[in-house]
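Biologist: I've got the model open and want a quick walk through it. Can you bring it up on your side?
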Amino acid sequence: RALLYGIDYGTGIKNKVLEAMSYAIPTIGYKEAFTNLDLVDKKNCLIVDSLKDLINICNSKDLSKISNNLHSYTKKNFSLQVITSKIQGIFNDKKNI
């Protein structure tokens, strides 16, 4: 089981990618799928350059390690506690202006 994100254009964080990552579902896609995410190819995502690469990865990779790394990454960077803390920090900074 994996998310195959075959769109090779666009900007901003892809919510489908984040959602899959939060469920520890390995994510495979073009570099644009991971825009604004601090991910490392072959550690917590799989970046492909062509449809042929995508097919080869799907046929040959054990994705369990990447799955575990994804879950840790999203927990560390996008958990409710982390996001709440970031928002509170923004409001606290505004109060000090």
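Modeller: Ground rule for elements: helices (H or I, at least four residues) and strands (E, at least two) are DSSP runs, numbered from the N terminus. This is a predicted model, where local features need pLDDT of at least 70, side-chain atom pairs count only at pLDDT 80 or more, and totals for chains, interfaces and linings use all residues. Residues are numbered from 1 along each chain as its sequence is written, and side-chain values use heavy atoms, with hydrogens and water left out.

Biologist: Fine. Where does Ile13 sit?
Modeller: In the loop between β1 (3–5) and α1 (15–22).

Biologist: Is Ile13 partly exposed or buried?
Modeller: Partly exposed, because its relative accessible area is 36%. Buried means under 20%, exposed over 50%, and partly exposed lies in between (1.4 Å probe, protein chains only).

Biologist: Which residues make the nonpolar surface patch?
Modeller: Ile13, Phe78, Ile83, Ile87 and Phe91, with about 420 Å². Helix α4 (residues 80–95) gives the largest share, three residues. Patch members have over 30% relative accessible area and no salt bridge; nonpolar side chains (Val, Leu, Ile, Met, Phe, Trp, Tyr) are joined within 5 Å, like charges within 9 Å. Areas come from the Shrake-Rupley method with a 1.4 Å probe; for residues, only the protein chains shown count as cover.

Biologist: Switching topic. Where is Glu32?
Modeller: In the loop between β2 (27–29) and β3 (46–47). Glu32 is buried, yet has no salt bridge. That term needs a side-chain nitrogen of Lys or Arg within 4 Å of a carboxyl oxygen of Asp or Glu.

Biologist: What's the nearest side chain of opposite charge to Glu32?
Modeller: Lys31, 4.6 Å away. Lys and Arg count as positive, Asp and Glu as negative; His and the chain ends are not counted.

Biologist: And what is Glu32 in contact with?
Modeller: Leaving aside neighbours within four places in sequence, Ile7, Asp8, Tyr9, Gly10 and Lys14. Contact means heavy atoms within 4.5 Å.

Biologist: Now Ser67. Buried or exposed?
Modeller: Buried, because its relative accessible area is 13%. Ser67 is in helix α3 (residues 64–78). Not counting residues up to four places away in sequence, Ser67 touches Ala24, Ile25 and Pro26.

Biologist: Zoom out. How do the elements run?
Modeller: β-α-β-β-α-α-α from the N terminus on. That is four helices and three strands. Of the 97 residues, 32% count as buried.

Biologist: What box do the C-alpha atoms fill?
Modeller: Roughly 55 × 25 × 20 Å, along the principal axes.
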